[in-house]
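Here is a walk through one protein structure, with attention to charged side chains and their surroundings. Please have the model open while reading.

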Amino acid sequence: YRDDDDINDVASMAGVNLSEESARIMATNSDLVGTQIQSCKDEPFLAAIPLHKRILETAKKLGITDVPAEVVTFISHATQNRLRTVIEKVTVITQHRMESYKDDEWYEQATDVRSQLKFFEQLERLEKQRKDEQEREILLKAAKSRSRQEDPEQARLKQKAKEMQQQELAQMRQRDANLTALAAIGPRKKRKLDAPGLLTIGGEGVGVCGGSQVGLGTASPRQYPRQKITRVNLRDFIFYMEQEREMSHSLLLYRALLK
């Protein structure tokens, strides 16, 4: 009993009487002594009646005629647990997909596909512009020709050149009209941005000023954080099913891949 003696010696040195403290604790929690604590009611995740009917339909095919209520409750809880697990795993996959590594100090860019696509688009635009210029020169030469004997091809080129000139003239007139309208309107005024704490309801700004007074068009110093939403798409769910052993060869996975 050396340990108990050591505790008693330390308590006596600190001026603490263990018997008095025990009696005081029992007196403080006397209202809890003898009380009965009951757990909350077990509520199933799925509707019990339709689930029981569905289980009975499946059990009759296997020769089972009676399914107790405990089985229905157990299957309901198992479904809830399985659904929670699936949602958690798919959420992690979505967060990994949305994670950006550009701000990482160990990130090094190897290729820039967007710049390459822009370069090819610029090359195609220049090539198309060059072909248009060549075609335009051919049409202008055909329109300026004064040959008396014209073949049908020459007449077609002249007609096409005439249509091209009319189209360019219409575009120039439209451009001049747009510039005239913009000059008549004047410089565009910048719209004032709303206050960060302003709540817009029905086109009117409602805010809180002075802590308790409500006014119109007043800014509130308190800003509410925007809730982050994780959006899961079909590709994330397909990746999850491919990693699961039970679903990697399921019919649901093949149906999802066909969509």
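R130 has a relative accessible area of 40%, so this residue counts as partly exposed. The model is a predicted one, and the values below are computed from it. The partner of R130 is E127: the two form a salt bridge in which the closest N and O atoms are 2.3 Å apart. E127 is partly exposed as well, at 32% relative accessible area. Both residues belong to helix α5, which covers residues 113–144, and they sit three residues apart, about one turn of the helix.

Helix α5 holds another such pair. K128 and D132 both lie in this helix, four residues apart, which is again about one turn. Their salt bridge has its closest N and O atoms 3.3 Å apart. K128 counts as exposed because its relative accessibility is 54%, and the cut-off for that class is over 50%. D132, with a relative accessible area of 38%, is partly exposed.

Why can such pairs form? Side chains of opposite charge can pair when their charged atoms come close. By the rule used here, the count comes to four salt bridges.

One of these salt bridges joins the side chains of E244 and K89, with 3.0 Å from N to O. E244 lies in the loop between α7 (234–243) and α8 (251–258), while K89 is in helix α4, so the pair ties together parts that are 155 residues apart in sequence. Is E244 buried or exposed? At 12% relative accessibility, E244 counts as buried, since buried means under 20%. K89 is partly exposed, with a relative accessible area of 37%.

Helix α4 also contains S76, and the helix runs over residues 69–98. S76 has 0% relative accessibility and therefore counts as buried. Which residues is S76 in contact with, once its neighbours within four places in sequence are left aside? They are P44, F45, L46 and L51.

To bring the two helices together in one view: helix α5 carries the pair R130 and E127 and the pair K128 and D132.

Key
Residues are numbered from 1 along each chain as its sequence is written. This is a predicted model: local features need pLDDT of at least 70, side-chain atom pairs count only at pLDDT 80 or more; totals for chains, interfaces and linings use all residues. Side-chain values use heavy atoms; hydrogens and water are left out. Buried means under 20% relative accessible area, exposed over 50%, partly exposed in between (1.4 Å probe, protein chains only). Contact means heavy atoms within 4.5 Å.
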